[in-house]
Amino acid sequence: MVIITLQRNKCIGCNYCVEMAPQQFQMSKKDGKTVLLHGQDKKGFFTLKSNDYAILEPCENAAKACPVNIISVKNN
Amino acid sequence: MQHIELMAPAGNFESLQAALDNGANSVYFGVEQLNMRARATVNFTIDDLPEIARRCEAKNVRTYLTLNTIIYDHDLSIVKTLIKQAKATKITAVIAMDQAVIAMARELDMEVHISTQVNVTNIETVKFYALFADTMVLSRELSLRQVKKITDAIEKEQIKGPNGNLVEIEIFGHGALCMAVSGKCYMSLHAYNSSANRGACKQNCRKKYTVVDQETGFEMELDNEYIMSPKDLCTIDFLDEIVDAGIKVLKIEGRGRAPEYVAKVIKCYRDAIDSVADGTYDKAKVITWMQELEKVYNRGFWSGYYLGQKLGEWSNGSGSHATQKKVYIGKGTHFYPKSQIGEFKIEAFDVAVGDTILITGPTTGAQEMEVEEFMVNDIKSDKATKGDTLTIPLKFRVRPSDKLYKIVENKVEA
């Protein structure tokens, strides 16, 4: 299972994650920060669990590109 | 002689209070992600705006919200929200670079200041931005002679901003200098995907680099290893000339710095500005201020390009040249208002009578003093160590959020 976590409150809205993984991330027009699509919120940490391994590589690239290191990707 | 406005950085409530306590006339700060210190671990949020405005208004200090990053489409809504909230909470002005921010602020009748990233270097540009802005920072590459030409022309040609007053010119007075146009640099983006233009500069220009001959592979370390890392700007030793140049605002850099940095630098520049105004500014005072400034974070000092004659001066180390540093000792636990006694729990290291201590906190700011007497576990003592409860007479209230530090000498690498 692929587990993606986003610590959203620290997002600086740079848009790089959207460039790397547009299927999983989208910039919010409301507050200018990124949204992890279908992520579940738990105290500001948004988590997505998925069995679709196709999202693994783009999300890993997004995590690498993130300048504030708020995206983590696990492959369990 | 006219009095100029001293503008202080405020990265958090500790620094804000330190600026207010030490004589700043105005403060600038960022909220949320759209400011040049977006990476900072502590940043104000939009909900802090009323408290910032309240504290500053009580001291008649002007408040400037920095909204000076590059702006993407997805930022436009939050920009509008921030400006609206700034207006509602009576923040004095927004500091802007992007035309969208300038336009939105004007639409909402918010005072605009043009940020350093715009790189204003001539009178025609001043005229252009006077259509939207009341204050402008000039580019750091101008000499004081050039600055004076611009301020003279503003006066002569009566160039006024939207508020109906003559446009005010602001320059940087103290703090870090960028190798590139401040906040307009791709170096951090190239190396770390971390854009300075979004307030995420990783300062890789501050490092040591080696030059390699591609043909032979021969490697060479430059004589001056930190060739891309300028020393910090310091203008306190020619502040009289700065004032003579006709500027209205002197800006101090350092929203990422500790509260004691803000306290020390603002105090020195406050004294210096007042001394210039009352005619007591002299060499002896400059020496004292320089010694004080050297105690807090710095990368060595130079006068920037204001005096015209010097080429860039480069730092000879990656870190600070500060002659002092702080060591964490413990935290505030109680305050006895009647007897004006503060109580601290010592959690690390030790502290003795005669030491210089620093107490910081969101409401306390940064208070530095020499310890004359204290009690340990209710008994008069000369030394307190880990685990002790320390009580000490203080002129201000101690809060549980306050931290106690000891100031010690910092060994500077040659």
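**Close-up 1. Pairing of strands E13 and E14 in chain B of the predicted model.** Strand E13 (residues 324-336) and strand E14 (residues 341-346) of chain B run antiparallel and are joined by six bridges. Within this pairing, Lys331(B) of chain B stands opposite Lys345(B) in E14(B).

**Close-up 2. The open sheet of eight strands in chain B.** The strand order is E17-E16-E22-E13-E14-E21-E18-E19, and the pairing is antiparallel. Strand E17 (365-370) and strand E19 (379-381) of chain B form the edges, each pairing on one side only. From one strand to the next, the twist averages 35°.

**Close-up 3. Helix H9 of chain B against the sheet.** Helix H9 (residues 259-278) of chain B packs on the sheet, where it touches E13, strand E16 (356-361) and E17 of chain B. The direction of the helix makes about 75° with that of E17(B).

**Close-up 4. Surroundings of Ser229(B).** Ser229(B) is located in the loop between strand E9 (219-221) and strand E10 (232-234) of chain B. Its relative accessible area is 0%, so Ser229(B) counts as buried, the cut-off being under 20%. When neighbours within four places in sequence are left aside, Ser229(B) is in contact with Cys205(B), Arg206(B), Arg299(B), Trp314(B) and Ser315(B).

**Close-up 5. Buried residues of helix H2 in chain A.** In helix H2 (residues 56-65) of chain A, the buried residues are Leu56(A), Cys59(A), Ala62(A), Ala63(A) and Ala65(A). These buried residues of H2(A) pack against strand E1 (2-7), helix H1 (16-20), strand E2 (25-27) and strand E6 (71-75) of chain A. In an α-helix there are 3.6 residues a turn, so residues three or four places apart point the same way.

Note on methods
Residues are numbered from 1 along each chain as its sequence is written. Chains are lettered from A and ligands numbered from 1 in the order in which they are written. This is a predicted model: local features need pLDDT of at least 70, side-chain atom pairs count only at pLDDT 80 or more; totals for chains, interfaces and linings use all residues. Side-chain values use heavy atoms; hydrogens and water are left out. Two strands pair if DSSP finds at least two bridges between them. Helices (H or I, at least four residues) and strands (E, at least two) are DSSP runs, numbered from the N terminus. Axes are lines fitted to C-alpha atoms, for helices over the stretch in contact, and angles run from 0 to 180 degrees between N-to-C directions. Contact means heavy atoms within 4.5 Å. Buried means under 20% relative accessible area, exposed over 50%, partly exposed in between (1.4 Å probe, protein chains only).
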